[in-house]
Amino acid sequence: MTDTDPIPYVDYLDLSGEPQLVTQACTQCGAQFFGRRNACAACSATTFVEKPVQRTGHISSFTIVSGKTPYVSAIVDCAGVSVRATVINVEADADHVHLAMPVQLTTYSAGHDADGREAIGYAFEPQTTAEETSI
Ligand SMILES: [Zn+2]
């Protein structure tokens, strides 16, 4: 990493290759957490290993946040890991967003610091590779 490489907006966004989210997984019970933990909230064990999160998932809950620029705030189930995220690249209304909708991880520019270094945030967007069945 150089001084000009983009930096992830959160520590659990890994930009070293294809962007991915990484959890701290409890070595005793397997519970997964975003961000550093001193102890597992499920079993109190104190050792963790990094575990990547599947890049695709389904919307398990969402709300349209209204305002000048409405947006979609969602809980995305990525193979059993719940990720709270904004869903972008979609019209923020109930005609375009629905429960169980397949989505995939994406990144966006979250701005630049005073030195011009870019911060990268994560979001989800509708899957481009999966066929979606209409309801
Ligand atoms: Zn545990």
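Let's start at a turn: Gly 116 has a positive phi near 85° in the hairpin of S9 and S10, where five residues lie between the strands. The model you are looking at is predicted; local features need pLDDT of at least 70, side-chain atom pairs count only at pLDDT 80 or more, and totals for chains, interfaces and linings use all residues. Residues are numbered from 1 along each chain as its sequence is written. Strands here are DSSP runs of E with at least two residues, helices are runs of H or I with at least four residues, and both are numbered from the N terminus.

**Overall layout**

- The chain has ten strands and zero helices, so the order of elements from the N terminus reads β-β-β-β-β-β-β-β-β-β.
- Along its principal axes, the C-alpha trace spans about 45 × 40 × 30 Å.
- Of the 135 residues, 16% count as buried; a residue is buried if 20 or more other C-beta atoms lie within 10 Å of its own, exposed if 12 or fewer, and partly exposed in between, with C-beta atoms placed from the backbone.
- Two residues are in contact if their C-beta atoms, placed from the backbone, lie within 7 Å. Taking contacts between residues at least 6 apart in sequence, 44% join residues at least 24 apart.

**Strand pairing**

- Two strands pair if DSSP finds at least two bridges between them.
- S9 and S10 run antiparallel and are joined by nine bridges. Among the facing residues, Ser 109 has Ile 120 in S10 as its bridge partner, and Thr 107 stands opposite Tyr 122 in S10.
- S7 and S8 are also antiparallel, with seven bridges between them. Asp 77 stands opposite Ser 82 in S8.
- The hairpin of S7 and S8 has two residues between the strands, and Ala 79 takes a positive phi near 50° there.
- S6 and S9 are antiparallel too, joined by three bridges. Thr 56 stands opposite Gln 104 in S9.
- Strand S1 (residues 7-8) runs parallel to S10, with two bridges joining them. The bridge partner of Ile 7 in S10 is Ala 119.

**The nonpolar core**

- A nonpolar core is a set of buried Ala, Val, Leu, Ile, Met, Phe, Trp, Tyr and Cys residues joined through C-beta atoms within 7 Å.
- The largest such core has 16 residues, and those with the most contacts inside it are Ala 74, Val 76, Ala 85, Val 87 and Phe 124.
- The elements that give two or more residues to this core are strands S6 (56-65), S7 (71-78), S8 (81-87), S9 (102-112) and S10 (118-126). S7 gives the most, with four residues.
- Ala 85 is in contact with Ala 74, Val 76, Tyr 122, Ala 123 and Phe 124, leaving aside its neighbours within four places in sequence.
- As general background, nonpolar side chains tend to be buried together in soluble globular proteins.

**Leu 13, a residue to look up**

- Leu 13 lies in strand S2 and counts as partly exposed because it has 18 C-beta neighbours inside 10 Å.
- Not counting residues up to four places away in sequence, Leu 13 touches Pro 8, Pro 19, Leu 21, Ile 120 and Tyr 122.
- Leu 13 and Ile 120 are 107 residues apart in sequence, while their C-alpha atoms are 8.7 Å apart in space.

**Loop residues**

- Gly 17 sits in the loop between strand S2 (13-14) and strand S3 (20-26). Gly 17 is exposed because 6 other C-beta atoms lie within 10 Å.
- Gly 17 and Gln 104 are 87 residues apart along the chain, and their C-alpha atoms are separated by 16 Å.
- Ser 44 lies in the loop between strand S4 (32-33) and strand S5 (48-52). Its phi is near 70°, a positive value in a residue other than glycine, and Ser 44 is exposed, with 11 other C-beta atoms within 10 Å.
- Asn 89 belongs to the loop between S8 and S9. Asn 89 is likewise a residue other than glycine with a positive phi, near 60°, and counts as exposed because it has 12 C-beta neighbours inside 10 Å.
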